[in-house]
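Please look through the notes below with the structure open beside you. Each point can be checked by eye.

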Amino acid sequence: MGFPRFFCYASIILSISAYLFPIMVNSIGINYGQIANNLPSPEDVVPLVKSIGATKVKLYDADPGVLSAFANTGVEFIVGLGNEYLDRMQDPAKAEAWVKQNVQAHLPATKVTCIFVGNEVLTFNDTTLSDNLLPAMQSVHTALVNLGLDKQVTVTTAHSLAILETSYPPSAGAFREDLIDCLSETLSFHQKTGSPFLINAYPYFAYKGNPKQVSLDFVLFQPNQGVIDQATNLHYDNMLYAQIDAVYSALASLGYKKLAVHISETGWPSKGDEDEAGATPDNAKKYNGNLIKLMSKKTGTPMRPNSDLNIYVFALFNENMKPGPTSERNYGLFKPDGTPVYPLGISTNDVVGSNTTAGGSIGNAVTQPSSPTSSSTGYLSISSATQERYQFIGHVLLPASFLLIKTLV
């Protein structure tokens with residue numbers, strides 16, 4: 001790509017990163033989406049990833065250019081197999097060929113540690129997709145076993161929070177009844193293979209859906225009164241941690257209390273349409289900046305204070321070719337020319353929230369099923385199926401989430 005301006009910015013980005021991103025958080029992850037026609041080359045992306053202290057990157061495919069560019073950098077990668085691959089990946093020969101070409105070929109120089117097969121499949125309400133999900137995951141795992149890679153590369157899938165039937169209070173978190181059979185088989189796979197359970201969580205959508213009743217401070221990790229889960233007496237003063245704990249509760253209800261949960265996507269848009277409340281640079285700066293500060297404290301949620309939080313921020317770049325509302329194209333920390341969309345302005349002396357507990361509890365118990373109008377659609381958002389999915393979620397699931405919100409005010 002011809003990117004004359006980018007080279008100038010890339011050359012100075014590390015020197016100014018102390019101002020932009022003063023905290024280097026060892027555990028931060030970043031989603032690297034590429035639905036755009038103006039992004040820098042993968043080689044030029046390496047210093048940007050390093051400038052925010054990210055040590056983990058999640059791709060929505062297995063772009064060989066990206067994986068090669070990050071060779072010998074120590075950055076860990078999650079690579080994706082899109083929903084359109086689920087059917088063919090059930091063929092052991094095709095799964096093994098894919099793993100050889102897209103994973104094995106880059107090891108050990110590039111640290112590919114996980115493959116996520118399918119994205120938010122269960123909330124498409126497409127039985128063909130959901131029926132193919134677990135067989136595809138099993139086939140890819142078998143390929144890793146046959147190639148001797150299963151000890152270093154795990155297999156999982158990413159879910160929307162819309163798989164939850166109940167989310168408030170967090171202790172009452174439960175999966176949708178119609179998904180339990182499918183989920184139970186998938187959870188058994190996770191337990192047997194040691195792979196994490198991935199969730200895409202966006203508190204932004206709870207606020208956007210009902211800004212008059214959802215506290216902005218509560219969703220942005222700002223000081224607020226918070227709420228107490230009466231069943232556990234745990235205090236929450238941010239929504240994301242409550243969402244995570246609701247997932248922990250749902251897993252425990254099915255007998256998977258010890259399964260690792262990773263937040264594969266979360267973020268906040270810096271720009272939106274008139275009806276997209278809260279989509280501003282200042283709010284995005286607060287959400288992502290405060291989140292990174294929390295991660296630097298290396299504490300867990302109120303329910304799991306000693307559990308590692310593996311969180312991947314969405315996203316590295318604004319992506320100009322994503323369909324949907326304006327917010328979809330404005331989740332990036334960086335503009336395509338390599339300049340920050342906003343400075344996070346994090347200081348190690350900053351304190352987030354005024355009501356944290358000794359167990360690291362920062363959150364609120366409102367949990368909103370993540371709308372697939374979120375940036376969690378990855379490169380699949382260019383498909384017509386995603387547009388239909390926007391409509392389904394908007395008309396069916398969001399009203400239920402409003403009821404959850406109202407119970408908290």
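1. Start with Lys58 and what surrounds it. Leaving aside its neighbours within four places in sequence, Lys58 is in contact with Ile30, Asn31, Tyr32, Ile78, Phe116, Ser264, Glu265 and Tyr312. Keep in mind that this is a predicted model.

2. Where does Lys58 sit? Its place is in strand E2, residues 56-59. The relative accessible area of Lys58 is 0%. Buried means under 20%, so Lys58 counts as buried.

3. The side chains of Lys58 and Glu265 make a polar contact at 3.5 Å. Glu265 is also among the residues in the contact list of Lys58.

4. Now turn to the helix pair H5 and H6. H5 covers residues 127-146, and H6 covers residues 180-193. Their axes come within 10 Å and cross at roughly 10°. Angles under 35 degrees count as roughly parallel, so H5 and H6 are roughly parallel to each other. Their crossing is left-handed.

5. Which residues make this contact? H5 supplies Ser130, Leu134, Met137, Gln138 and His141. H6 supplies Cys182, Glu185, Thr186, Phe189, His190 and Thr193. By class, the contact of H5 with H6 has 4 nonpolar, 6 polar and 1 charged residues.

6. Last, check Asn290. Its place is in helix H10, residues 281-296. Is Asn290 buried or exposed? Its relative accessibility is 6%, so Asn290 counts as buried. The side chains of Asn290 and Lys293 are joined by a polar contact of 3.0 Å.

7. Asn290 and Leu220 are 70 residues apart in sequence. In space, they are 7.4 Å apart, C-alpha to C-alpha.

Note on methods
Residues numbered from 1 in each chain as written. Predicted model: local features only at pLDDT ≥ 70, side-chain atom pairs only at ≥ 80, totals over all residues. Heavy atoms only, no water. Axes fitted to C-alpha atoms, helices over the stretch in contact; angles between N-to-C directions. Helix = DSSP H or I, 4+ residues; strand = E, 2+ residues; numbered from the N terminus. Parallel < 35°, antiparallel > 145°, perpendicular 65-115°, else oblique. Left-handed = near helix turned anticlockwise from the far one by under 90°. Contact = heavy atoms within 4.5 Å. Nonpolar A, V, L, I, M, F, W, Y, C, P; charged D, E, K, R; others polar. Buried < 20%, exposed > 50% of the residue type's maximum accessible area, 1.4 Å probe, protein only. Polar contact = N/O pair within 3.5 Å; in protein donor to acceptor, adjacent residues only side chain to side chain.
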